[in-house]
Amino acid sequence: MELNTQLKALADKIILLKDKIQTEESTKHAFVLPFINLLGYDTFNPTEVVPEFTADLGLKKGEKVDYAIIQDDEPILIIECKNWKESLTIHGSQLFRYFHVSKTRFALLTNGITYQFFTDLDEKNKMDQKPFLEFDITNLKDNVINEIAKFHKSNFDVNNIVTNASSLKYVKEIRKQINDELTNPSNEFVKLFANKVYGGRLTEKVMEEFKDLVQKGFNQFINEKINDRLNAALTKEAKQQQEEVVETIEESLVQTTEEELEGYRIVIAILRRKIAVDRIVHRDTQSYFGILLDDNNRKPLCRLHLNSGKKYIGLFNENKVEKKMQIESLDEIYSFEKELLDTVGNYENEK
């Protein structure tokens with residue numbers, strides 16, 4: 001089962017059960033352990049997932065984190081859990097105190113619904129104050145699922161995650177800054193645009209006016225971009241619907257003749273010794289009667305041109321180029337047995 005499907009199933013379970021979960025211990029067993037498990041780690045193997053992982057911190061002996069995921073006898077991810085009803089904070093957290101004395105590069109703080117992943121981007125061997133990855137498991141987006149997948153046992157690569165963590169952290173901060181500026185533009189932000197469009201002196205009154213103008217300008221710009229994308233999507237959908245209507249109309253104009261069906265039966269008689277009959281499919285068009293392998297337009301076996309006075313059979317070489325051969329009667333199709341079998345062979349060799 002794919003990771004996104006597993007995460008969705010776990011999210012549905014959490015939504016269904018959370019009101020019945022009352023304790024931190026229940027949160028661990030119902031929400032957190034299944035999450036660890038779907039990352040590919042065996043929660044029943046105490047050498048891989050260690051509960052109540054003990055860490056000695058100077059004079060403080062016996063400090064514990066709820067779980068540690070172990071690889072090559074060293075923790076690669078330490079995990080602290082809270083009751084799902086609790087908000088998350090690293091202040092006073094065992095994670096923060098233990099991180100700098102361990103060899104792990106990653107820590108996870110979670111209440112089974114919100115997940116915060118930390119590393120040491122700001123200062124080596126000291127856990128950052130802010131997570132580089134944070135998500136609500138009941139409201140996951142595709143880009144977040146891709147980041148979670150990096151922690152899967154089959155994908156886990158410390159250097160890759162740390163490098164990517166830096167990008168995630170700064171993109172997250174930049175997005176927050178953008179949101180703050182669009183919600184309540186700072187003087188520096190307003191000046192950036194006012195200086196480009198206003199030639200006068202930027203007095204306090206002018207700055208106040210431009211603060212409103214900058215905010216309106218960005219809102220209009222974003223709305224127009226959204227509308228452009230919606231219109232493009234609607235236009236594409238309308239075009240597809242129009243093409244489907246045209247195709248339906250064209251199909252309704254096609255009349256398959258008994259002669260074409262007889263030719264189809266001859267082709268089946270030739271090829272059935274090499275391939276199953278149900279793999280030989282016909283599609284009639286206004287221009288020709290097509291016979292395909294596996295109902296695949298990219299695998300034409302031959303075409304019959306029988307409705308324009310003279311009769312032709314269209315044969316295909318290894319490059320799928322059609323060559324039309326005139327025939328006097330349908331019985332002559334039998335004389336092209338080798339060519340038809342060779343065409344089937346070409347497709348079989350593509351596998």
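**Reading a pocket, helix pairs and a sheet**

Q: By class, what residues are in the lining of the largest pocket?
A: Seven nonpolar, three polar and six charged residues form that lining. Here Ala, Val, Leu, Ile, Met, Phe, Trp, Tyr, Cys and Pro count as nonpolar, Asp, Glu, Lys and Arg as charged, and the others, Gly among them, as polar. Please keep in mind that this is a predicted model, in which local features need pLDDT of at least 70 and side-chain atom pairs pLDDT 80 or more, while totals for chains, interfaces and linings use all residues. Residues are numbered from 1 along each chain as its sequence is written, and side-chain values use heavy atoms, leaving out hydrogens and water.

Q: How much space lies in the largest pocket, and which residues are closest to its centre?
A: Rolling a probe the size of a water molecule over the atoms shows where empty space is left. In this model the largest pocket holds about 500 Å³. Its lining has 16 residues, and L133, E134, N143, V144 and R175 are the closest to the centre. A pocket is an open set of points on a 1 Å grid over the protein atoms alone where a 1.4 Å probe fits, with protein on both sides within 12 Å along at least five of seven lines; lining residues have an atom within 4 Å of a point. The volume is the space filled by probe spheres set on the points, which are joined across faces, edges and corners.

Q: Which elements supply at least two residues of that lining?
A: They are β6 (133-136), α4 (142-149) and α5 (158-183). The largest share, five residues, comes from α5. Helices (H or I, at least four residues) and strands (E, at least two) are DSSP runs, numbered from the N terminus.

Q: How do I read the packing of α1 with α2?
A: Two packed helices are described by the angle between their axes and the distance between the axes. For α1 and α2 (residues 24-38), the angle is about 175° and the axes are 11 Å apart. The two helices are therefore roughly antiparallel (over 145 degrees). Axes are lines fitted to C-alpha atoms, for helices over the stretch in contact, and angles run from 0 to 180 degrees between N-to-C directions. L3, Q6, L7, L10, K13, I14 and L17 of α1 meet A30, F31, P34, F35 and L38 of α2, where contact means heavy atoms within 4.5 Å. By class, this contact has ten nonpolar, one polar and one charged residues.

Q: At what angle do the axes of α1 and α4 cross?
A: The axes of α1 (residues 3-17) and α4 cross at roughly 105° and come within 10 Å. That makes α1 roughly perpendicular to α4 (65 to 115 degrees). From α1, L3, N4 and L7 meet I145, I148 and A149 in α4. This contact has five nonpolar, one polar and no charged residues.

Q: What is the strand order in the open sheet of five strands?
A: The order is β7-β8-β9-β10-β11, with antiparallel pairing; two strands pair if DSSP finds at least two bridges between them. β7 (280-284) and β11 (322-327) are at the edges with a single partner strand each, so one side of each has no neighbour in the sheet. From one strand to the next, the twist averages 20°.

Q: How many residues are in the hairpin that joins β7 to β8?
A: Four residues make that link. β7 and β8 pair over five bridges, and V281 has L292 in β8 as its bridge partner.

Key:
Parallel < 35°, antiparallel > 145°, perpendicular 65-115°, else oblique.
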